[in-house]
Amino acid sequence: MEKYNLTAHELIEQISKKEASAQEVADSLKKRILDVDPKVKAYVRIDQPHQTAIQENNAPTAVLKGIPVSIKDNICTDGLNTECCSKILAGFKPPYDATVIKKLKAAGATIFGLKTNMDEFAFGSSTENSYFGPTHNPWDLECVPGGSSGGCAAAVAADEAILALGSDTGGSIRQPAAFCGVVGLKPTYGRVSRYGLIAFASSLDQIGPLAKDTRDAALLMNVIAGFDPLDSTSVNIEVPDYTKALVNDVKGLRIAVPKEYFVEGIDPEIKGTIEEAINKLKSLGAECKDVSLPNTQYAVPVYYIIATAEASSNLARFDAVQYGYRTADRVKNLIEMYNRTRGEGFGEEAKRRVILGTFALSHGYYDAYYLRALKVRTLIKEDFDRVFKDFDCILTPTSPTAAFKIGEKVKDPLKMYLSDIYTISVNLAGIPAISLPCGLTKKGLPVGLQILAKPFAEEMLFRMAHTYEQNTEWHKLKPKL
Amino acid sequence: MNYEAVIGLEVHVHLKTKTKAFCGCSTEFGKEPNTQTCPVCLGFPGSLPVLNKLALDYAIKTGIALNCQVSEFTKFDRKNYFYPDLPKNYQISQYDLPICNDGFLDIEVEGQPKRINIKRVHLEEDAGKLIHKENKSLVDFNRCGIPLLEIVSEPDMNSPQEAYEYLTLLKSTLEYLEISDCDMEKGSLRCDANISIREKGVTVLGTKTELKNMNSFKGVKDALEFEIQRQVKMLENGEKIIQDTRLWNAQKQETFSMRSKEEAKDYRYFPEPDLPPFIISKEKEAQLKKSIPELPREKSARFMRDYGLSNYDAKILTYSKIDALYAEECLKAYANKEKKLMANWLIGPLFSEANNRGCNLSELKIAPDNLVKLIGFVEREEISNLSAKTVLTEMINSGNLAQSIIQEKNLIQISDSGSLEAIADEIIGANPKSAQDYQQGKANAIMFLVGQVMKKSGGKANPKIVQEILKRRLENA
């Protein structure tokens, strides 16, 4: 078996037994990328495959020794291109590592690949909004891999990555994980440092793992989670050993199934698959009950006001003064430099969101849009608080459909926005959620099961997901490439 | 028509913290451009702010000293606007929940007390500095991120003098708290003014203009004077005042319009998502309250009480905390119950020496006891006032004691009538016109003759005795 086929925990074992070396793993992965990435296009700078020097790190803390980790293009890596797949950041090499990258390096991991593809600034659900062009779903190359962390998910699914770090603002880890049949976790807001993650919407963004199975996701979480004095929104709560939560037992656990997630818009095939997954967990001893999250319907509008408002401000810094793309045209004055640079540097979706957000914050509209959205956000959070009083977790589909065709929704932003309808509430409430593979459609596309838990209850997610995984084979399926 | 001005001031001060408001960079002034920067204050993608807790403490202390309500719950907001000296193109500031609000400062104008209400005190970050060279513009980000306190008064001032008094007391108060250098030249204190005029007795506010770019308190006063005249002229000509932002040109001594209200920006304030709100506990407030020193007005009142000084003298001596400290040591060391002479020495020669040297009183390095000794020579009429000032300068320059300087320079006053009479006769003889003037009733003419005698004696003559001799000689002639 090729090294690239293996999971991180399998490779860790081989490396510790000296049956494999970090170099062999990296070489194997490189070969795999050269083989399949021309079809998948999970990485954006395939012509210059990069990896940091493999460090001999024998410290007991080097729990990911020799394990390659692929990084989304919006997480800063010292001296390595970090461009958010946007023309406006062309050639940007951050002078520092994100906190998660520092932690990975300290854990002996290899920062691999220059870097995974994404929707520009994470604006999208299909990875079609990348300046570098779309990524293809390894299960059906005519389909999207989901987004915005589509590069991460496709790379893990196609065995072009062992582990990947993505970011999730409204579903950007979980939805592509579902579309590509891998495991993706959005941690509790504040669980993982955002320092070095190029912000989309600061109050919603979280970095999280994409992996081949729950154990790998737990291993990566063990490394990246924790308080960071450089991120005032990170929370100082001790990080448990998440691998300890990987037990095969859900007996007596109380699962809530929100009825709002199974109404109009959901593909009947997805509905059926999720119901089977619920039945499976019931048969393993979990108790399931229908509940209501009445404010679910407001999640998409609330999200697109808050996220675009924050984004409009976060993206203001791309002004060509210090770094990034600057218009080649001779300009008459400062305003023209701003206008040309931003007009040429941002893609269509980025412009749409900056304009939407600017509008929502404008004088005279703030109360009607932004302030109101903040209030409804609180209501959405209270919906969850209420349910978590009586339940250990909530089960939903990750997405109302399986992967759609490339180009299918590009012309209809609203339709595109609705593909995140099941993932967005989680970010608004700041709670953790995991997506894991739970079936295939008739066309052979993966379906994702989403599990939600209360803040800082990632262990519950791992326990539930791992038990499901132990009793099914879905996570072992691989696309034919 | 009789008009009244309505003035409100917006003061920005740099806080004297070692590091910037939201990162660990140094705040030191005058370093090579862009040497005190990091990804956070340069607004690099992915970087995040972390609040300097000391800056928050300083803001709270200021609020307490300005009699404000300290907010239990405060948060930061983003003020969005594009400018190259602002690397994120938003400033972290405070919008609806400032750290402190509703305070006041009691000033004194021509002996009359007046309360100036303070609307709010909030914390924000400073921007960088643009440097224009030929056809290039460069940015220095060293200043970017330095904690800045904005103190906004209510429009409670009705004259440029009141504005001047308010600024003076505010600066003095902030210096007492040791939270800012308040140096307008270095830009660590900046002041903008809002001003409108209205007919006396009318309560409705007139259309206001905002004045910027004043580089000194005097500049603020001058700009306000000019603006009042300009607005009065417009109203009297039947013109309407246009709400605009105006820049003060100190050379031309006039204001000119920078932008009108129609061009005013929409800053799109919203809560800064990178900084969770802060809770300021009552315990914290109480703890900081304890650290507040005696403030200028309290100290000045005490100086009046304890040392019998006049309001005027006490105010001058307590304007600066460090000078007040030295002054009080001197007042204590001076055994005489009547302290006026010591106060005069401090306010006159000592302040003048300190001013010339650009330092504070204690930096003159005159131990209070030695100053008292010097004054003793004057009191015993052993040296003249004039000589004493020379001795003081020499004490500062050489570090020697008064006694040895007086001996060395042979400054002991000539009070011996015999030798002074000879000089007096000589001077009267040489200045018959002045002598005649005095004799014909111009009492002041004698001062010229006294001066001449003093000069002749090398400043050593006792002026009192000289005057007596001259009078005697002229009146008996």
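The expected span of a helix is taken here as 1.5 Å times one less than its number of residues, and helices (H or I, at least four residues) and strands (E, at least two) are DSSP runs numbered from the N terminus. The structure is a predicted model, in which local features need pLDDT of at least 70 and side-chain atom pairs count only at pLDDT 80 or more, whereas totals for chains, interfaces and linings use all residues. Residues are numbered from 1 along each chain as its sequence is written, while chains are lettered from A and ligands numbered from 1 in the order in which they are written.

By these criteria, helix H7 of chain A, residues 268–283, has 16 residues and reaches 22 Å from its first C-alpha to its last, close to the 22 Å expected at 1.5 Å a residue. A residue is called buried if 20 or more other C-beta atoms lie within 10 Å of its own, exposed if 12 or fewer do, and partly exposed in between, with C-beta atoms placed from the backbone. The buried residues of H7(A) are Ile270(A), Thr273(A), Ile274(A), Ala277(A) and Leu281(A). Seen down the helix axis, the buried residues of H7(A) fall within an arc of 95° (the arc of the directions from the axis to the C-beta atoms), so they line one face of the helix. They pack against strands S6 (254–258), S8 (393–397), S9 (433–440) and S10 (446–452), and against helix H14 (458–470), of chain A. The face of H7(A) turned away from this buried side carries the exposed residues Pro268(A), Asn279(A) and Ser283(A). After H7(A) comes Gly285(A), whose phi is positive, near 110°.

Chain A as a whole comes to 14 helices and ten strands. Its radius of gyration, taken over C-alpha atoms, is 21 Å, close to the 23 Å that the globule rule (2.2 Å times the number of residues to the power 0.38) gives for 481 residues, so chain A is as compact as a globular protein of that length. The C-alpha trace of chain A spans about 70 × 55 × 45 Å along its principal axes, and 61% of the 481 residues count as buried. Two residues are in contact if their C-beta atoms, placed from the backbone, lie within 7 Å; among contacts in chain A between residues at least 6 apart in sequence, 76% join residues at least 24 apart.

In chain B, strands are said to pair if DSSP finds at least two bridges between them. Strand S6(B), residues 100–109, runs antiparallel to strand S7(B), residues 112–125, and nine bridges join them. Val109(B) stands opposite Gln112(B) in S7(B), and in the hairpin of these strands, which has two residues between them, Glu110(B) takes a positive phi near 50°. Seven bridges join S7(B) to the antiparallel strand S10(B), residues 147–153, where Leu149(B) stands opposite Leu123(B). Leu170(B), in helix H2(B), residues 160–177, is buried, with 25 other C-beta atoms within 10 Å. Apart from neighbours within four places in sequence, Leu170(B) is in contact with Val11(B), Leu105(B) and Ile151(B).

Between the chains, 32 residues of chain A are in contact with 26 residues of chain B. Helices H8 (299–314), H9 (334–345) and H10 (348–361) of chain A each supply at least two residues of the side that touches chain B, and H8(A) gives the most, with three residues.
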